[in-house]
Amino acid sequence: MEQEYIITVFSENKVGLLSQITTVFTCRDVNIESLTTSESALPGIHKFTIVVRTDPGQIDKLVRQVEKKIDVLKTFVYTPEEVVQQEIALYKVTRSQGVEQLVRKHNVRILEIDEDYIVVEKTGHKADTQALFRLLQPYGVQQFVRSGTVAIIKSRRELLNEYLEELDRMRNAE
């Protein structure tokens, strides 16, 4: 049965790695729903956050294939319940009194007000940002963009730290 998974891939910041990683998903016919990359809390280490919908057997194969990439340090898989996740959405909407009332009612951040339009920002889950989009459509959404998911695990420590510490212990024991 298909379900949503959040995959985090830790690596050095190497040119071409993103292409290698996305090719793994393409070859297995798995669509990437969301993808973000950023620096991690560890100096020199970057984090890819990838959201996919697939079955449990397929997710294990994907992770093993991604980890075979030479510049990948470690890959972890989570379910939505194991992470805190958010997206950010920007909306450029034709300015009207109705839009301004709706914006205030839904606790969105106003970024710019012009004579003809208003630009607002909504942070939340995909369902939240999509719901606001539907509410704004009758007023004339001129532009809409949503970021990929950013996620932080709920466990006390970053699992990559534990993995790197274990590697150090193994090297020192040799």
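Residues are numbered from 1 along each chain as its sequence is written, and side-chain values use heavy atoms, with hydrogens and water left out. Because the model is predicted, local features need pLDDT of at least 70 and side-chain atom pairs count only at pLDDT 80 or more, while totals for chains, interfaces and linings use all residues.

- Strand 1 (residues 3-11) pairs with strand 3 in the antiparallel sense over nine bridges, and Glu4 has Arg53 in strand 3 as its bridge partner.
- Thr49, which lies in strand 3 (residues 46-54), is buried with a relative accessible area of 4%, where buried means under 20%, exposed over 50% and partly exposed in between (1.4 Å probe, protein chains only).
- Leaving aside neighbours within four places in sequence, Thr49 is in contact with residues including Ile6, Ser34 and Ala151, contact meaning heavy atoms within 4.5 Å.

- Seven of the eight residues of strand 7 (residues 117-124) are buried, so strand 7 is largely enclosed by the rest of the structure.
- Strand 5 (residues 83-94) runs antiparallel to strand 7 and is joined to it by eight bridges, with Val93 standing opposite Ile118.
- Strand 6 (residues 109-113) is also antiparallel to strand 7, through four bridges; Ile110 stands opposite Val120, and the two strands form a hairpin with three residues between them.

**Helix packing**
- The axes of helix 1 (residues 17-27) and helix 2 (residues 56-67) come within 10 Å and cross at roughly 150 degrees, where axes are lines fitted to C-alpha atoms, for helices over the stretch in contact, and angles run from 0 to 180 degrees between N-to-C directions.
- That makes helix 1 roughly antiparallel to helix 2, a description used for angles over 145 degrees, whereas those under 35 count as roughly parallel, 65 to 115 as roughly perpendicular and the rest as oblique.
- Ile21, Val24 and Phe25 in helix 1 meet Leu62, Gln65 and Val66 in helix 2.

Definitions and conventions:
Two strands pair if DSSP finds at least two bridges between them.
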